[in-house]
Amino acid sequence: MTDSKYFTTTKKGEIFELKAELNSDKKEKKKEAVKKVIASMTVGKDVSALFPDVVNCMQTDNLELKKLVYLYLMNYAKSQPDMAIMAVNTFVKDCEDPNPLIRALAVRTMGCIRVDKITEYLCEPLRKCLKDEDPYVRKTAAVCVAKLHDINAQLVEDQGFLDTLKDLISDSNPMVVANAVAALSEIAESHPNSNLLDLNPQTINKLLTALNECTEWGQIFILDCLANYTPRDDRESQSICERVTPRLSHANSAVVLSAVKVLMKFMEMLPKDLDYYGTLLKKLAPPLVTLLSAEPELQYVALRNINLIVQRRYVLGDDLRRMFLYYSLVLGNSRLSPIKVMFTIAWYITVLAELKEYATEVDVDFVRKAVRAIGRCAIKVEQSAERCVSTLLDLIQTKVNYVVQEAIVVIKDIFRKYPNKYESVIGTLCENLDSLDEPEARAAMIWIVGEYAERIDNADELLESFLEGFHDESTQVQLQLLTAIVKLFLKKPTETQELVQQVLSLATQDSDNPDLRDRGYIYWRLLSTDPVAAKEVVLAEKPLISEETDLIEPTLLEELICHIGTLASVYHKPPSAFVEGSRGVQHKRLAGSSVESPDAGSAAGASEAPPAVIPSQGDLLGDLLNLDLTPPTTAGPPPPPSSGMQMGAMDLLGGGLDSLVGLLHNTTLLVSVQVWLPAMKAKGLEISGTFARRAGVIQMEMTLTNKAMSVMTDFAIQFNRNSFGLAPAGPLQVLSPLSPNQSIEVTLPLNTVGPVMKMDPLNNLQVAVKNNIDVFYFSCQYPISMLFVEDGKMERQVFLATWKDIPNDNESQFQIKDCHLNASSSKLQGSNIFTIAKRTVEGQDMLYQSMKLTNGIWLLAELRVQTGNPNYTVSTVLGLFMSWSHNTVVVLVLC
Amino acid sequence: MIGGLFIYNHKGEVLISRVYRDDIGRNAVDAFRVNVIHARQQVRSPVTNIARTSFFHVKRSNIWLAAVTKQNVNAAMVFEFLYKMCDVMTAYFGKISEENIKNNFVLIYELLDEILDFGYPQNSETGALKTFITQQGIKGQTKEEQSQITSQVTGQIGWRREGIKYRRNELFLDVLESVNLLMSPQGQVLSAHVSGRVVMKSYLSGMPECKFGMNDKIVIDKQGKGGASDDPGKSGKQSIAIDDCTFHQCVRLSKFDSERSISFIPPDGEYELMRYRTTKDIILPFRVIPLVREVGRTKLEVKVVIKSNFKPSLLAQKIEVRIPTPLNTSGVQVICMKGKAKYKASENAIVWKIKRMAGMKESQISAEIELLPTNDKKKWARPPISMNFEVPFAPSGLKVRYLKVFESKLNYSDHDVIKWVRYIGRSGIYETRC
């Protein structure tokens with residue numbers, strides 16, 4: 001036998017002893033024994049074997065002993081349902097006891113005994129207790145209905161307890177009202193569609209009266225219940241708000257938060273221009289700030305809720321500063337300091353100055369947070385990015401070590417978020433290279449040097465200096481350094497061969513770190529097998545980063561506002577995410593939700609607006625500055641027309657043709673010479689130009705003017721990927737340096753074999769021009785007719801067949817007014833618009849025309865000419881819808 | 001609502017476990033122990049979700065109190081309840097310790113049964129609870145007494161029992177403030193606020209109706225308009241603008257909201273009547289003037305002057321000035337005019353203590369700090385100089401104007417009540433940058 005027998009015997013012995021004591025005649029001994037039983041129960045020992053003996057002690061007038069026995073019963077009745085019946089009689093008897101405390105105790109305990117057989121016996125006593133003369137018994141009975149409902153909902157309905165409970169809302173005693181409200185709210189939650197809590201102005205009035213009189217807990221029940229009510233009109237809404245507002249001064253923060261919830265919800269109903277609305281908004285702020293000086297646990301709850309509230313309403317306005325200080329002072333010292341304090345857009349903009357001030361504080365940790373916050377601000381709110389960057393530069397000028405390091409880490413992210421916008425600051429950053437001693441800052445700086453190696457003259461020297469202590473660096477820095485040097489090599493292969501070999505051997509041969517070794521080998525192989533592929537991999541376009549938004553999606557926010565103060569508001573999740581079963585699954589909405597408040601709308605809109613950044617400039621930049629490296633594009637075989645057509649088609653299929661409307665509208669404008677790049681934006685270089693198709697060659701005709709004080713040289717041009725794959729067919733022919741105030745006309749032949757990416761509008765072209773000063777970017781739009789190819793004449797039969805195949809909904813018709821059409825087929829043909837057929841029906845001239853785009857897409861058109869009212873219909877063979885406007889026709893005809 | 005309530009000792013052994021709802025099983029007790037008390041990394045959030053069960057916890061010394069639920073409960077309410085629970089236990093048996101809890105576990109179960117019903121907090125005012133949860137049994141009660149108890153527990157004035165009698169009616173008001181400051185080296189106030197509490201100890205017979213008056217700007221301005229005899233300029237200066245205040249549940253909030261008068265029937269004994277916050281026109285009891293000079297790379301000269309800025313007849317106490325020193329300090333020589341100053345190497349600070357100091361005085365400390373040469377390039381961050389003190393006035397400028405007591409049923413009047421008012425202003429975070 002093992003030791004276990006000792007355990008059983010001792011246990012048996014203990015139970016046996018207790019049994020004897022329980023059956024003792026002496027009251028004191030009995031009580032002691034029950035206490036021992038309860039103690040064992042607490043620590044988790046199974047004392048259910050003593051059930052009959054304990055129940056025997058129930059018949060006593062000693063209230064303390066009775067309470068202990070009841071406690072035992074509540075725990076074990078479920079496991080011994082048959083025995084539990086024994087207790088029923090006592091309960092029924094106790095419910096008649098002259099002492100209200102005993103009556104209440106009985107009814108309270110009864111509800112906790114979850115045995116079906118017993119519940120039936122409890123209905124009568126409960127009914128009596130609900131109508132008891134003593135409020136203490138009534139308030140206990142009210143909760144008991146909720147208990148019974150949890151065990152057997154049908155029974156409660158059948159017995160009509162719900163109606164009795166509803167009557168209790170009108171009870172004279174505020175505490176009875178509060179408990180009845182609590183019980184009804186809970187029952188109503190499991191019957192989402194029932195009209196249990198039939199809240200009408202009369203009951204609301206009763207609740208509001210009870211609100212002033214009941215305990216703090218009762219006030220919470222009532223306020224939470226009020227929050228579910230939907231007022232009939234704004235007047236009722238206002239009057240409820242007026243009566244709830246005093247609760248904001250309650251010492252109990254739960255009362256305050258629940259009052260805030262009611263106010264936030266009912267405010268939706270109020271007209272925003274009402275004076276009262278403003279007053280109310282002002283009243284909300286101070287209590288919220290006060291909540292932050294509560295105990296740490298409540299601070300936590302308060303912070304989570306304030307975060308929600310400020311996203312919905314700009315409550316805190318002037319108190320912002322103080323709030324911020326609170327965060328630093330209060331949280332700085334409490335154990336909750338790591339809470340990520342979250343701010344909304346509006347805050348960021350207002351706090352920028354404040355953040356800068358804080359960034360020069362002495363508390364290192366706090367300063368770091370402030371600098372990070374500035375960075376987050378820049379990434380989140382585009383409008384503020386510029387100010388943020390200049391703030392960060394100011395901070396770097398302070399030369400305070402940790403500020404500079406943190407600022408560099410942050411700037412790296414800003415570069416990634418807004419490529420080609422703020423790179424002018426690189427110079428400043430490089431000045432601070434030596435002071436960086438933290439891995440994160442070093443890694444960030446190395447990334448910047450590698451990424452913008454072409455702009456930093458001494459990039460190789462800088463990186464070489466890092467390489468000296470390669471093995472002492474942290475992995476983060478090593479990895480970054482490896483990548484940066486490879487990038488540098490790909491950009492400036494001639495000067496940096498030695499450096500790249502050095503770093504590759506350091507990474508692959510002298511390092512124990514498998515990550516580093518692997519990365520080193522991959523680069524090595526890439527570089528040795530296919531440098532072009534290596535370039536594509538290493539210098540690939542990076543996705544834009546976006547700050548993981550702390551803003552809550554508006555519908556969720558609305559729901560959470562309805563749950564202020566509750567767990568949902570702490571987790572920032574809807575109740576259904578963490579509550580099982582039917583409870584709380586119903587979604588609450590704000591009353592005025594259909595009318596989105598302007599402030600919330602704009603906040604959400606700003607966060608969702610797509611970043612207005614030219615998508616692939618990073619990539620473009622790489623290409624542009626490596627003109628000397630890559631062979632001219634003509635070297636590659638042009639893709640077969642069919643594939644070109646496929647690509648184009650795919651791109652266009654994405655709803656792209658709709659946007660042709662826009663582009664066709666604009667074509668007239670584009671034909672004339674336009675200023676594409678004003679001198680203001682390009683350090684003195686002005687570019688104006690137009691597009692043309694001459695002898696089957698698309699040309700970009702540009703005039704470059706030097707309006708700066710110094711000579712410009714080294715011109716180069718590159719296009720971003722565009723809808724039709726336009727690309728320069730040769731280098732930009734600016735051979736002589738451009739002196740100040742001199743202009744030069746350049747014609748750049750284009751081909752359509754470049755990479756394809758759908759643009760918006762479709763004919764948008766993003767161009768980068770480089771000279772000895774800098775790289776400049778502009779975008780322009782080319783006339784679509786430029787892309788009509790010479791072999792766009794379709795066979796009549798084919799035309800007829802295709803025309804028939806195009807579904808009607810892919811056709812669109814336009815009326816062209818005030819247009820004197822003197823178009824002859826030959827003139828149209830000059831623009832590669834071919835007239836296939838012509839017929840006259842009822843005095844109308846019908847012209848059937850075909851065009852083919854460079855990417856192989858066919859456009860078919862029918863031009864119906866009435867006097868002064870030509871009607872032009874366009875269709876495409878691919879069945880794509882294309883809209884045509886009268887402007888286009890004019891263009892087509894005139895050009 | 002709250003599904004269960006557990007109390008653990010520091011080892012995670014359960015001392016009290018009371019389950020109110022069927023959805024909370026015995027395993028919840030262990031889940032909290034394993035995931036929070038014994039967690040490898042300290043759990044920082046006071047709310048923990050373990051397997052769709054939410055645990056709220058607070059800690060008092062080394063005792064853990066945890067409330068458990070599976071529903072979307074009012075989180076603020078749960079914490080308020082846990083605090084209340086601690087207050088009640090303290091009122092019954094003193095400090096919350098493992099020993100006290102074990103000795104009083106029957107009482108605690110009885111209390112838990114009373115103040116939490118099906119997870120709904122019920123009346124938890126000790127004043128009322130003590131009338132019928134006594135651990136003595138309530139056998140001897142007459143019917144009148146019983147109904148008196150129940151009406152009190154459920155009544156509007158749940159915090160006070162009827163029939164309290166004192167031979168001497170007496171009340172004490174303590175205005176306790178903590179003044180917070182952040183000042184620039186040039187003496188510019190960067191931020192300052194006072195958080196204050198009015199604590200009342202009432203020993204009054206019967207059910208007295210009280211009215212509390214202070215120099216609240218809104219009230220004074222209103223009165224200034226009504227009574228022409230008051231000098232508006234003078235009263236305006238003496239009144240203070242309160243940013244926000246909260247009150248004990250005995251205060252009639254609707255009356256405060258409409259008339260801004262603070263009227264209430266006080267609980268018996270000690271309680272916190274109100275809390276408030278002010279940010280305007282704060283009287284800063286001390287001004288710290290720092291002067292730090294770096295002499296070469298290995299020496300710092302520090303001179304700090306403190307000036308007391310209040311009536312000469314008042315005395316500040318427990319004054320402590322903490323001057324941070326760099327980490328590479330090798331030795332410090334201090335000379336101070338008053339009090340005692342010591343360099344505490346373990347705290348990296350010179351601590352200067354003065355027992356008492358009258359108003360409108362000035363004192364000075366100068367120190368020479370010798371530094372070890374380091375190759376650490378990082379500059380010393382110069383943390384601010386902080387101060388602690390206690391002064392016998394309210395830095396917010398709050399004045400108690402009156403506390404009137406009316407008890408119509410018993411034959412004592414407002415004049416018979418002995419009233420004591422005391423002001424204590426303490427330093428919160430009181431810092432001056434150098």
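**Charges, patches and pairs**

Guide: Start on the surface of chain A. Here A:Glu461, A:Glu464, A:Glu468 and A:Glu498 gather in a patch of negative charge. Bear in mind that this is a predicted model. Take one member of the patch, A:Glu498. Helix H27 of chain A, residues 497-509, holds A:Glu498. The relative accessibility of A:Glu498 is 66%, so A:Glu498 counts as exposed. The cut-off for exposed is over 50%.

B:Lys340, B:Lys342, B:Lys353, B:Lys355 and B:Arg356 form a patch of positive charge on the surface. Two elements each give two or more residues to this patch: strand S18 (340-344) and strand S19 (349-358) of chain B. Strand S19 of chain B gives the most, with 3 residues. B:Arg356 has a relative accessible area of 46%, so B:Arg356 is partly exposed.

The loop between S19 and strand S20 (362-371) of chain B holds B:Met360. B:Met360 is not a glycine, yet its phi is positive, about 55°. Most residues other than glycine have a negative phi. B:Met360 counts as exposed, because its relative accessibility is 54%.

A:His572 is not a glycine either, and its phi is about 60°. Look for A:His572 in the loop between helix H31 (567-571) and helix H32 (598-608) of chain A. A:His572 has 13% relative accessibility, so A:His572 counts as buried. The cut-off for buried is under 20%.

Next come the charges that pair up. Side chains of opposite charge can pair when their charged atoms come close. Over all chains, the structure holds 41 salt bridges. A few of them are worth a visit.

Begin with A:Asp224 and A:Lys261. They form a salt bridge, and their closest N and O atoms are 3.1 Å apart. This pair links distant parts of the chain. A:Asp224 is in helix H13 (residues 216-226) of chain A, while A:Lys261 is in helix H15 of chain A.

Compare a pair within one helix of chain B. The side chains of B:Asp30 and B:Arg33 meet in a salt bridge, with 2.3 Å from N to O. Both residues lie in helix H1 (residues 27-37) of chain B. They are 3 residues apart, about one turn of the helix. B:Asp30 has a relative accessible area of 35%, so B:Asp30 is partly exposed.

Chain B has another pair to see. B:Glu272 and B:Arg275 form a salt bridge, their closest N and O atoms being 2.6 Å apart. B:Arg275 counts as partly exposed, because its relative accessibility is 32%. B:Glu272 also counts as partly exposed, because its relative accessibility is 22%.

Salt bridges can also be found in a network here. One such network links A:Lys78, A:Arg114, A:Asp150 and B:Asp22. Residues of chain A and of chain B both take part in this network.

A:Val262 has 0% relative accessibility, so A:Val262 counts as buried. The C-alpha atoms of A:Val262 and A:Cys562 are separated by 8.2 Å. Along the chain, these two residues are 300 residues apart. A:Cys562 has 3% relative accessibility, so A:Cys562 counts as buried.

That cysteine raises a last topic, disulfides. A search of the whole structure finds 0 disulfides over all chains. Take B:Cys210 as an example: the nearest cysteine sulfur belongs to B:Cys250 and is 8.5 Å away. A disulfide needs the two sulfur atoms within 2.5 Å, so B:Cys210 is in no disulfide. B:Cys210 has a relative accessible area of 1%, so B:Cys210 is buried.

Methods: Residues numbered from 1 in each chain as written. Chains lettered and ligands numbered in written order. Predicted model: local features only at pLDDT ≥ 70, side-chain atom pairs only at ≥ 80, totals over all residues. Heavy atoms only, no water. Patch = residues over 30% accessible without salt bridge, like charges linked within 9 Å, V, L, I, M, F, W, Y side chains within 5 Å. Areas by Shrake-Rupley, 256 points an atom, 1.4 Å probe, with all protein chains shown as cover. Salt bridge = Lys/Arg side-chain N within 4 Å of Asp/Glu carboxyl O. Lys, Arg positive; Asp, Glu negative; His and termini not counted. Charge placed at Lys NZ, Arg CZ, Asp CG, Glu CD. Helix = DSSP H or I, 4+ residues; strand = E, 2+ residues; numbered from the N terminus. Buried < 20%, exposed > 50% of the residue type's maximum accessible area, 1.4 Å probe, protein only.
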